[in-house]
Amino acid sequence: MPLAPRLATLEGKTIYLVDMNYEGFGRTAVLYEMQAWFAKNMPGVKTIIKLKSGSYVADDPALWKEIAANRGDGVILGVAG
């Protein structure tokens, strides 16, 4: 399956920062740093941090449905911290 097309702009978009829950650690600090960066440098971008359930290799259909239902425009996956 190909990647989604690149957004023309992030302005006015909602980007989910998804912690993939690598080895059950959760709370990847870099995602909070990214959220702070967006708030400071791109205040028109809404960021939402979510922790994926299960291990990083397990699917989380409920999370993907939530992102779709809330009209998330993009996702950045944090695999490990």
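Predicted model: local features only at pLDDT ≥ 70, side-chain atom pairs only at ≥ 80, totals over all residues.
Phe38, by contrast, has a relative accessible area of 8% and is buried.

A pair of aromatic rings is described by the distance of the centres and the angle of the planes.

## Thr47 and its contacts

Thr47 belongs to strand S2, which covers residues 46-51. The relative accessibility of Thr47 is 14%, so this residue counts as buried. When neighbours within four places in sequence are set aside, Thr47 is in contact with Ile15, Leu17, Gln35 and Phe38.

## The chain as a whole

The chain contains two helices and three strands, and the order of these elements from the N terminus is β-α-β-α-β. Its radius of gyration is 13 Å, close to the 12 Å that the globule rule gives for 81 residues, so the chain is as compact as a globular protein of that length. The C-alpha trace spans about 35 × 30 × 20 Å along its principal axes.

Among contacts between residues at least 6 apart in sequence, 74% join residues at least 24 apart. Of the 81 residues, 26% count as buried.

## Surface and charge

The chain exposes about 5,700 Å², of which carbon and sulfur atoms supply 58%. There are 9 positive and 8 negative side chains, and the centres of these two sets are 6 Å apart.

Notes: Residues numbered from 1 in each chain as written. Heavy atoms only, no water. Buried < 20%, exposed > 50% of the residue type's maximum accessible area, 1.4 Å probe, protein only. Helix = DSSP H or I, 4+ residues; strand = E, 2+ residues; numbered from the N terminus. Contact = heavy atoms within 4.5 Å. Rg over C-alpha atoms; globule rule 2.2 N^0.38 Å. Areas by Shrake-Rupley, 256 points an atom, 1.4 Å probe, with all protein chains shown as cover. Lys, Arg positive; Asp, Glu negative; His and termini not counted. Charge placed at Lys NZ, Arg CZ, Asp CG, Glu CD.
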